[in-house]
Amino acid sequence: MEKSHAKSTDYQNLESAKEFSDKCVEAAENGAPVADRLWEESHGGCAACGKCKMTVNE
């Protein structure tokens, strides 16, 4: 985000891309276990099937 020089479009609450992304870290960390579980449930062993190159932890 910083390399792209992204700018806020919320002119009532101007903040840098770094300030905004820093606020998202805790939510992302808290949501990761749920997202991982949902991925595994919906793709049931996807990494082992060989049809895609992604694993849950990538």
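In this predicted model, a polar atom of the Ser42 side chain lies 3.2 Å from the backbone oxygen of Trp39. Ser42 belongs to helix α1, which covers residues 17–43. With a relative accessible area of 53%, Ser42 is exposed. The protein has 58 residues, and 5% of them count as buried.

**Overall make-up**

- The protein contains 2 helices and 0 strands.
- Its accessible surface is about 5,200 Å², and carbon and sulfur atoms account for 57% of that area.

**The course of helix α1**

- Helix α1 has 27 residues, yet its end C-alpha atoms are only 33 Å apart.
- A straight helix, at 1.5 Å a residue, would reach 39 Å, and α1 falls short of that.
- Gly31 is the site of a kink of about 40° in α1.

**The segment before α1**

- Ser8 is located in the segment before α1.
- A polar atom of the Ser8 side chain is 3.1 Å from the backbone nitrogen of Asp10.
- Leaving aside residues up to four places away in sequence, Ser8 touches Asn13, Leu14 and Glu15.
- Glu15 also has its place in the segment before α1.
- With residues up to four places away in sequence again set aside, Glu15 touches Ser8, Phe20 and Lys23.
- Glu15 has a relative accessible area of 21% and is partly exposed, because buried means under 20%.

**Salt bridges**

- The count of salt bridges comes to 3.
- Side chains of opposite charge can pair when their charged atoms come close.
- One of the salt bridges joins the side chains of Glu15 and Lys23, with an N to O distance of 3.1 Å.
- The side chains of Glu15 and Lys23 are also joined by a polar contact of 3.1 Å.
- Lys18 forms a salt bridge with Asp22, and their closest N and O atoms are 3.0 Å apart.
- Lys18 and Asp22 are separated by about one helical turn, because they are 4 residues apart in helix α1.
- Lys18 counts as partly exposed at 41% relative accessibility, and Asp22 likewise counts as partly exposed at 41%.
- Arg37 and Glu41 meet through their side chains in a salt bridge of 3.1 Å, N to O.
- Both Arg37 and Glu41 lie in helix α1, 4 residues apart, or about one turn of the helix.
- An α-helix has 3.6 residues a turn, so residues three or four places apart point the same way.
- Arg37 counts as partly exposed at 42% relative accessibility, while Glu41 counts as exposed at 55%.

**Points to locate in the structure**

- In the segment before α1, Glu15 can be followed to its contacts with Ser8, Phe20 and Lys23.

Technical notes:
Residues numbered from 1 in each chain as written. Predicted model: local features only at pLDDT ≥ 70, side-chain atom pairs only at ≥ 80, totals over all residues. Heavy atoms only, no water. Buried < 20%, exposed > 50% of the residue type's maximum accessible area, 1.4 Å probe, protein only. Polar contact = N/O pair within 3.5 Å; in protein donor to acceptor, adjacent residues only side chain to side chain. Areas by Shrake-Rupley, 256 points an atom, 1.4 Å probe, with all protein chains shown as cover. Contact = heavy atoms within 4.5 Å. Expected span 1.5 Å × (residues − 1). Bend = angle between axes of the 7 residues up to and from the residue. Salt bridge = Lys/Arg side-chain N within 4 Å of Asp/Glu carboxyl O.
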